[in-house]
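Please open the structure in the viewer and keep the selection panel at hand.

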Amino acid sequence: VSEELVANKNGVNALLIGSYAALYGMQGNNQSLGGGEAWQGSPSNWVFGSIAGGDASKGSAGSDQPAIDPIANFYSDANNAYYNGKWKALYEGVSRTNNVLKFLAKATDITPEEGKVIAGQARFLRAHFYFEIRKLWNKAPWIDETITDFNQPVSADLWAKITEDFKFSYENLPGTQGEIGRVNKWAAGAYLAKSYLYQRKYAEAKAIFDIVIASGVTSSGKKYDLNPSFEDNFMPSKENNPEEVFTIQMAANADPSGPTSGNNGDMLNFPYGGSPFGCCGFFQPSIDLVNRFRTNETTGLPYLTSYNDYAVKNDMGIGGGAEFTPDQGTLDPRIDWTAGRRGVPYLDWGNYPGAAWIRDQSYGGPYGPKKNIYWQKTAATDADKTTWAPGSAINYLVIRFADVLLLAAECEAQAGSLTVAQQYVNRVRARAANKEGWVYKYKDDSKPMEGFSDVPAANYKISEYPAGDFAGKGQAYALSAIYYERKIELAMEGHRFFDLVRWGIAEKELNAYFDYQGKLTSDVRRGRFTAGRNEYYPIPQRQIDLSIKGNTKVLTQNPGYN
Amino acid sequence: KNVKGQEILNKEISININQGQIKQILAEIQQLTSVNFVYSSTVIKAQRKVSVNAVNKRLGQILDETLNPLNIYYKVEDNQILLYEKENTGLLSANQNLITVKGKVSSDKGESLPGVSVNIKGTKIGTTTDSNGSYAITAPGPDVTLVFSYIGFTAKEIPLNGRTVLNVQLIEELTSLGEVVVVGYGTQRKKDLTSAVAVVNVGEMIKQPTSSVNNLLQGQASGVTVLGSGQPGEEPQVRIRGVNTFGNNNPLYVVDGVPTQSIADLNPNDIETMQVLKDAGSASIYGSRAANGVIVITTKKGKGKVTVTYDAYYGTQRPKGGNVWNVLTPQEMADLKHMAMTNSGATDFADSLYGSGPTYVLPDYILPAGAKEGDPRTNPSLYKLKPFYTSDNEYHSFYRISRANKQGTDWYHEIFRPASITSQNVAITGGSDQGNYLFSANYFNQQGTLINTYLKRYTIRSNSQYNISKRIRVGENLAYSITNNPKIAGLSGDNAIGHAFREQPIVPVRDIMGNYAGSYGGNLGDAYNPVAMQERTRDNKSQQNRLFGNIFAEADLTDFLTLRSQFGGENYSGATRAFVYPTYENAENSTLNSYTESALDGYNYSWTNTLSFNKTIDKHRIKAVVGTEFFKDYTHVSTGTNQGYFSFDPNYTNLSTGSGPMKTTSARTSNTLFSLIGRVDYSYNDKYLLGVTIRRDGSSKFLEHVYGWFPAVSAGWRVSQESFLKDVKWITDLKIRGGYGIMGNQLNVSGGNSFTTFGSAVGTSYYAIGGGNNIVSGFYQNQTGNPGAKWEKNINSNFGFDATLFGGHIDISADYYRKNIRDLLYNPEMIGTAGAAKVPFVNIAQMKNNGFDISVSGNTQISSTVKLNATATITTYHNEIQKISGGSDYYDVDSRRFDGSNIIRNAVGHPISQFFGYKVDGFWNSQQEVDAANQKAQAATGNPGDVYQTDIGVGRFKYADTNGDGRITADDRTFLGNANPNYSYGLNLGVTYKNWDFSAFFYGVQGNSIWNQVKWWTDFNPSFGGAKSKTALYDSWTPQNHNAKAPIQETANSFGTNAVPNSYFVENGSYLRLKNAQIGYSFNSVKLQKIGINKLRVYLSGANLFTITKYSGVDPEIGTSSETGQQTAYGVDDGSYPSQRTFLLGLNLSF
């Protein structure tokens, strides 16, 4: 199809769908957009956000995807293929949205009203790609639909451009859309507020969060709310629910060349060995993460700083034949929707067997990932087995309402309204406390598909923060409780590293993580976060090399990577 | 004078030669009339000079006028004119003893020779042999000497010594100067060549047992480099004078005047001549397709009486024996694991297979892991497995039991087996002045030594020509082939060969119930069972059909003008189907089943019209050709894939019986070329030669620069014709020549290159906008256009000489060339901010090549029964990249398992395909050494936290600090080796002794490096936990063994061992190989002729009998890998399909 044929309503709409498709970050045949391996461009940020944030070990074995090790341990250089793969996938997304805007301007059969809705979506998506770029690299070139020379220097002020785009979308998009995959006004509002929060513009952020929380609806018109059960967020059968603010709509079995539209970038992240998934044992929740789900047996609250003193019992070094009884202490019920633990039901796949499903326990630890795992009973529609490792139809929630509440809680705490902040946090904890949403033991361990008993799978205990707790203990305490809640609510969802950086506590938190986890698993023994350098990733060396103009390189490297 | 003779004599010709030698005049007439003169030079004194000047005169009249004054007379016999000097019978006195001598003259091949001049030395008595080669002559006495002479044969003088019967064998003349060579759009006498043309000795070439003409070419023509493999039907990499472009470097083939990109299905037995056009002087008449060199092939024509020839061989191919990959036994594997854990500081040695004792003990079972005999878990009644399972639920319910193979499975010999090879060829030929014909049929069947790889090919050919009148000829050359050729993707660690050196030896081929065993269960690495991989391809089919050839009409407008119109090309189609079975035996299994079917078809045709001019005026010989050519190429391919089959019965599986998702794709491309052609060859007095060619091509692939001009000029000087060399006896012929011209290339661009386009593709631009599992189509920019692209220019100069020495005992041809490649098309990677659309090719890069091509051949007759001949060719090329793009002076390819770091760097100032990485400079032998190096690094950088080298550690590699900055960084990577040889050479040796013939062909390359990636898998314990080598266990660094080959064995990858490309993997790739040796016996033809057999020869032949090399891999012949598919990346051995030793028994029969 040539240029003339897309400069009309149908063409522009098709380009817009193509822009949404860039959210997957994939181009088929297990490749990222732009040609890197699929896992480099994963939109879930399991490497850059979760592993680098200490949520998870790389997992699998040392020799597999060794390029993740330097990222997890913060010693990688700019040649690491993951950076280039991610960079190219995101800028292709930018490029696609720019094409929408370029041809929208040329099309003559689109009304101004239609044009606003199209531009609103395109600019939302562009802002999303730049938000990612900004989180990862801080400074990067700004390319919009007017730019024809793509070799641009890095822009120090991406935030202004990003907020401008989100603002446009917020002001021009309708509240509901005909298709649930399309973004609406409220998604734009939430993302705009999140952008302000990243800029520490708490007041601006709070103003919009207030409206979004009060009035926001999903694209299909459902008022924003938390799902009754925590795990509903990770079940395709429950998609299009009130908690979805901005979602990447995953689809299984759509492309026979691989799960391109079904979490292709996360296909390595299934239990290994004798597991029913086939491959590859990556993305194992860290021991440090799992320990954070310990709750005080009397208060039902977490140990905000000393959680590792109450470590959750695990099966490190205990062979498959040996007996193992899981931890008997009090735990936050979200633990068993977040990590596969030995002896605990792993969805409807049977009790997690421990070492038998782990490639190298001494390297990646004893746990398996869970939020990204599909259920056996719905595998026919939810699993994508088109290639050597599975994909799934589980949507990736870029922003879910629990996330909005916790972000809003930060704004409130920063503004000093600690009581409101605590209300938001408690709303999230109350949902976790809903017994309907806990994990229960199987009726029959040997027939996991036959359902669950009414005996909880572990000793769950979780409570809301008692009235006046935040206000009484002050802002610092409130923030640490909010941060902690965010960690466990959104664990393994790709946010942690970026949160640590924007909070300014990455060095302290991550080095503490390396000190603790490094003694237990060999994968992060070399970990060391250097402040002033590791907050952002290096701009891919390949891109710097390609930016040569005359004799100078237009792109400049982030500090500490030269 | 018979009627036919009269016809010849009535032919009207024009000829104008002033003071020419009779020989020259006769040759000219021969050329104009295709009549053969037969004469004895002693009698005719062919060097005598006369003048002849005739316009449209009868041949008979010309001969009368020219020869009679010299007392030379002629008579016509068949299509030959015999010349003789009139006998002066008066010299014979009555008292002389008149004796009648009779006999038969035959060739050294046993064919009877008609028309041979038989003369009595010192007299004017002479006669010629009749059509059976018999003669009778009256000699003046018993002591005279008879002289036998015949064109193309060495004259023989034999003293009669009283005999009355004298049978004579004449030996074919040694010099090939008169040989006619097929060049672009015409022919040339070999002695008139002014450009670099390698003429292949087809007879020698086809002695090797392969179906591929390209494989046969290896070492047979100077200037040509061929890299192949042992896989049946895998076309080798053919490079003429090195690498000429970043993309497709394959030469153009011209078969019977029809240009094509593939001769994979050409039956070697059909080849009559093969010429390699190497320089601009010879090739640039093919214009935009000439830059990679041109290989011109003609196929056989019939002649003479009906002859049937049958050529056949049958043989066996034997894979290499022994422990080919030097793999450890299962116990040694366990010991290595223990050692690596110790080296890595493990304190807990508990292992699911080997227990936890102080030394590891092999289990009786690998599944259940580590079980011993009698373990209740190994009760066969527990076993549950359905190999053809169709659902995940079935898969989850499996219970596998598999014994440990304590002796160790020899995976190499589980997948490589002895295999048969046969070729059966029948040809029927014949011809007369009304036309000629050849019909041939060939059946070729080479089973691969790797299971389920083979090439089965059926070829038929019909070449005929009909002489409608004296001046008009029409005909056709057509071949049809059917090819079945399942192959594996070569040189990849992920094919069955790769998995065979990765799969641990403790794994048996099959489990206790005969289903496949594998690495399932953990602790056995992640390799696949290679036997299962290959056996599961059993029902996969592929078939290619191809019709290739031409039809032509030719008319002689006048004696010197010929008009030819030829329509030629090919029409092909092919289909493949393949089923992917679910697996259950491996550590990583795919539970998916899928089926793929694809079909391709296409055609291309060339319509060529030429007008040739051929005239000799006095000492000026002019040959010229002008013409037009139209070329069109069209291809179409479609592919469908479906999944979720409930039955795997090959009769059931087709695209519609799966349960989805189904994917279908199709693509069509076409492009056209229109060309004007011109060539002039001029020679003055056979001494000064000049050739000029020009071609203008117009291509549909370009938008703004549609047309390109490709001129060339070449000149030669036959120094030996100069008076100062005339008397130098040992120089029979010597010619110096040189040429300059421009060749073009357009292979690397597609028709879409000029345009920015948008497209839609599942997996790239579809999105589930409505939620659920339904995805909706969207657009994305899939190509950025470059309307300004134009032709690659290959500016070539060539200097050389051809020498024939000692009367033809030695021939030498040598060339030096330079090629400057400008406007080289390259698709430089675009900066990421431009998006991911396909980058167009732009004319940005530059490259140069130079080198020598030399061929020397010699022959000698040691005695009347022993003859020797030898031909050697030497090829060198030196390639240098001069520019890649505005932004980058290198591009890297082939990362293998190094995760982003590439093995090959193509960089400005270096040749294509150089290995790049860290240079190993020994080991870190002690912690003190490490500490000292770190301190130095810290001093150099001023940072107390710095280390000399990432992952520095005792026993690991110490890398060279090539830039001297005190520590190892990415800047210390350097060029580690060159995949291009300094030179390659071929040597053909031949001996005949009576009825025996013996020949041998050696081929070698010298000075290249090979990247032995197999060592990455086998010499480093942590490389994916697969099988390891003896080197890893016995010759790796330990505190006791500092003088080791491999570094310390550990459990994790590290920068200091296997995580980055380094010089450990680079080896000397030079080798010398006896490619072929043959011994044959020809049965006495006289006896056979009585039963109607002209020729019967049987032979024994052996291929790849030995190889001398320092290379440690299986086969040092390493071409382009399927893993990159890039023609600028080769020489990386990731498990080759080796050439195998082959023994043949063959037969040549004609009647």
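Begin by selecting Cys279(A) and Cys280(A): the torsion about their S-S bond is about 90 degrees, so the disulfide is right-handed. This is a predicted model, in which local features need pLDDT of at least 70 and side-chain atom pairs count only at pLDDT 80 or more, while totals for chains, interfaces and linings use all residues. Residues are numbered from 1 along each chain as its sequence is written, chains are lettered from A and ligands numbered from 1 in the order in which they are written, and side-chain values use heavy atoms, with hydrogens and water left out.

The S to S distance between Cys279(A) and Cys280(A) is 1.5 Å; a disulfide is a pair of cysteine sulfur atoms within 2.5 Å. A search of the whole structure finds one disulfide over all chains. Cys279(A) and Cys280(A) are both buried, that is, under 20% relative accessible area (1.4 Å probe, protein chains only).

Next, select Cys411(A), which counts as buried because its relative accessibility is 0%.

Now move to helix α7 (residues 158-172) and helix α8 (residues 185-198) of chain A, which pack at about 155 degrees with axes 8 Å apart. Helices are DSSP runs (H or I, at least four residues), numbered from the N terminus; axes are lines fitted to C-alpha atoms over the stretch in contact, and angles run from 0 to 180 degrees between N-to-C directions. α7(A) and α8(A) are therefore roughly antiparallel, the term for angles over 145 degrees.

Finally, display the side chains where the two helices meet. Contact (heavy atoms within 4.5 Å) involves residues including Trp159(A) and Phe166(A) of α7(A), and Trp186(A) and Leu192(A) of α8(A).

Technical notes: Buried means under 20% relative accessible area, exposed over 50%, partly exposed in between (1.4 Å probe, protein chains only). Angles under 35 degrees count as roughly parallel, over 145 as roughly antiparallel, 65 to 115 as roughly perpendicular and the rest as oblique.
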